[in-house]
Amino acid sequence: MPGGTRKQALIRILRNRWLLTGAGLLAASALFGFLLLPWLVVRYLPDIVRDNLQQRQASVAEVRINPFLLTFEAKDLKLAERDGTPIIGMRRLVVDFETSSLLHWAWVFADIAVDGLDLNVVTRPDGRLNLMQVVADARGDGPPAPKKKDEAPTRMVLKHVVLSDGRLSYVDRSGPSPASATLTPVNLELDDVSTLPERKGPYAVQARLPGGGTLRWRGEVSLRPVASEGELSVTQFTPANVWRFVQDQFRLDLPEGTVDFATRYRFLLVDGKPQLLLDGANLKLADLSLRQPGAKQPLLTLQKIEASGARFDLQRRELTVPKLDIGDGQVTAGIARDGTLDWQTIAASQAAPAAAPAAPASGARPW
């Protein structure tokens, strides 16, 4: 065989070897990513959670991974306490990771979509949140490592985050009478949110409040610094939703009425100290009625209380209400045989005397 022919044959063999090697690696990656890795997640996730989160229960029905597009999808993902009490669940979770992370030197996620989030937050009798206990157990109850003052957070970019048809349930078991409230459906959308400096992204939140009413919240948010500004509104909110959490402190039946509230706001966290400004706030409370248990007549009825153009500045410690309109009301008062006014008995008696009000911080500006 001539020398040139032998050389060409050798090149073809080497090329075929490289081609076969590449094809083999591609096939192995596809086999591991598409088939083996999802099976490992479904199979061993319950064991990992049980061993690292104090015997809590976890499960996932189905996992899909695309190793070439760097996408992750999980269905029916659940985390529960040892006794089976739900903590968090997701009907569907999709994460799309971008290879451009290598160029940006940051974790870049093109899309994070959560469908059917079911989050159950519980304040336990000792006052501790169940979610905080999960975090503590995950780190072995050890204190978090102290963060240096100038240490930058993990560089991360969330290009698009969507939460649809979510449910947020809160239960407070720290008082004599447990109280609960549920927000559903909760829908949230974030765009271009990151921990990179001075980078803001728009967001929009909408939720139906328990017992009626709607929450709408939109604006811009940044994570470095932690800041947000936009508009917040609550319509047809019923005081009963808040009352169940303070009912043990008052001798009153469930209040009646509705609340509408809207404001522009700006929030900034500087050196761990919050700055909050509400501007152009409008509050309207309609058909308010307060009644003591078993009483024939209410203590107070008001057809409307309306505050317009209010301004609240936490940093300057100022509250300004240019206009306050109170109309069509009636106040009823009664005196018992011992001379006690019924309004004096609204507050429930406390086992221990009330603590004296805390003295203002040195140099703090009075309200």
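Me: Which residues does Ser233 touch, not counting residues up to four places away in sequence?
Reply: This is a predicted model. Ser233 has its place in strand 11, residues 226-237. Not counting residues up to four places away in sequence, Ser233 touches Thr214, Leu215, Arg216, Phe261 and Ala262.

Me: Is Ser233 buried or exposed?
Reply: The relative accessible area of Ser233 is 18%. Buried means under 20%. Ser233 is therefore buried.

Me: How many aromatic pairs does a search of the whole structure find?
Reply: The search covers the whole structure. The number of aromatic pairs found is nine.

Me: Is the pair of Tyr170 and Phe245 stacked, edge-to-face or tilted?
Reply: The ring centres of Tyr170 and Phe245 lie 5.5 Å apart. Their planes stand at 35°. Planes under 30 degrees apart count as stacked and over 60 as edge-to-face. The pair is therefore tilted.

Me: How many residues apart are Tyr170 and Phe245?
Reply: Tyr170 is in strand 7, residues 156-172. Phe245 is in the loop between helix 4 (240-243) and strand 12 (256-270). The pair links distant parts of the chain, and its residues are 75 residues apart.

Me: What is the angle between the planes of Phe312 and Trp367?
Reply: Phe312 lies in strand 14, residues 300-313, and Trp367 in the segment after strand 16 (323-331). Their rings are 5.6 Å apart, centre to centre. They form a stacked pair, with an angle between the planes of 20°.

Me: Is Trp367 buried or exposed?
Reply: Its relative accessible area is 54%. Exposed means over 50%. Trp367 is therefore exposed.

Me: Which ring does the charged end of Arg43 sit over?
Reply: The charged end of Arg43 is 4.7 Å from the centre of this ring. The ring belongs to Tyr44.

Me: Which residues touch the most other members of the largest nonpolar core?
Reply: This core has 21 residues. Elements giving two or more residues to the core include strand 4 (86-97), strand 5 (107-115) and strand 8 (179-194). The residues touching the most other members are Ile112, Val114, Leu117, Leu190 and Tyr203.

Me: Which residues is Leu190 in contact with, leaving aside its neighbours within four places in sequence?
Reply: Leu190 belongs to the largest nonpolar core. Leaving aside those neighbours, Leu190 is in contact with Lys159, His160, Val161, Pro202, Tyr203 and Val221.

Conventions:
Residues numbered from 1 in each chain as written. Predicted model: local features only at pLDDT ≥ 70, side-chain atom pairs only at ≥ 80, totals over all residues. Heavy atoms only, no water. Helix = DSSP H or I, 4+ residues; strand = E, 2+ residues; numbered from the N terminus. Buried < 20%, exposed > 50% of the residue type's maximum accessible area, 1.4 Å probe, protein only. Contact = heavy atoms within 4.5 Å. Phe/Tyr/Trp six-rings, centres within 6.5 Å; stacked < 30°, edge-to-face > 60°. Lys NZ or Arg CZ within 6 Å of the ring centre and 35° of its normal. Core = buried A, V, L, I, M, F, W, Y, C linked by side-chain atoms within 4.5 Å.
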